[in-house]
Amino acid sequence: MTPDITPLVAGNWKMNGERDQLDQLALLARGVDADLADKVDVVVCPPATLLYVATTLSEDTALEVGAQDCHNESKGAHTGDISAEMIKDCMAEYCIVGHSERRTDHGESDYHVAGKAQACWRAGLVAIICIGETEAEYDAGSAEQVLKRQIMQSVPEGATEDDTIIAYEPVWAIGTGKTPSPEDIEEIHAFIREELATKFGGHGERMRILYGGSVKPTNASEILAVNNVDGALVGGASLKAADLLAICESYRHV
Ligand code: PEP
């Protein structure tokens, strides 16, 4: 945690969830009571097909909604893509950009990711920008070098704590059940904080840095208590409302 920063837990459903999954969203919305919402911001990022109905269902609740990706342009001949403006039109407030699965499966470079983050800002969305080293980069001892490059190139100039959230997701920890030790997470988040502060000054000091990669109810309290961990980006465990709520509950009594 970082003093004076409200943490945020975001659930990334990835390409999971048809309409019956909305039952979980409704349970989640019900579980984020006023007391919990006071301690932590909770966001769910369903597939684009469920975005509008998700925001409609969570209206008048503390649960917020985000998308998983956007195109950098506002409209045009880009079959299959959706723009940040379309996401905003669905009444969502956040958008994940640069997730490692997009970087790998769709060849998205830091340059693409920065363009998407700027598109989020243009549309009035908060960009959740993902960074993280691969297993090979970790083994080669180049994690910090990779993160520094991603911060320099994927996080555009002008980012502030109001329009940008950083999600540190070591690629080797995503969906694998493996997580770095709390000591390692502390060290790498301190490094990210330093880089953000160097690039963005006070805004970098106040920007939320989420940890992502195999966060579950059983390890959440330990990870979320680490210095400079200002919340979590949760994949697999976000599909069940009870699991995501159990992760958020780590904040109720702190
Ligand atoms: C993710 O994909 O952002 C993620 C963190 O996944 P998981 O929690 O399943 O490792």
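**Cysteines.** I started with C45: its sulfur sits 7.8 Å from the closest cysteine sulfur, the one in C95, which is too far for a bond. I then checked C90, whose closest cysteine sulfur is again in C95, at 11 Å, also too far for a bond. My cut-off for a disulfide was a pair of cysteine sulfur atoms within 2.5 Å, and by that rule I count zero disulfides. C45 is also buried, at 0% relative accessibility; I call a residue buried under 20% relative accessible area, exposed over 50% and partly exposed in between, with a 1.4 Å probe and protein chains only.

**Ground rules.** This is a predicted model, so I needed pLDDT of at least 70 for local features and 80 or more for side-chain atom pairs, while totals for chains, interfaces and linings use all residues. I number residues from 1 along each chain as its sequence is written, and side-chain values use heavy atoms, leaving out hydrogens and water.

**Positive phi.** Most residues other than glycine have a negative phi. K14 has phi near 55 degrees, and I found K14 in the loop between strand 1 (8–12) and helix 1 (22–31). My helices (H or I, at least four residues) and strands (E, at least two) are DSSP runs, numbered from the N terminus. N228 has phi near 70 degrees and lies in the loop between helix 11 (220–224) and strand 8 (231–234). N228 is buried, at 16% relative accessible area.

**I128.** I placed I128 in strand 5 (residues 126–131), buried at 0%. Leaving aside neighbours within four places in sequence, I128 has contacts (heavy atoms within 4.5 Å) that include A10, C95, I165 and L210.
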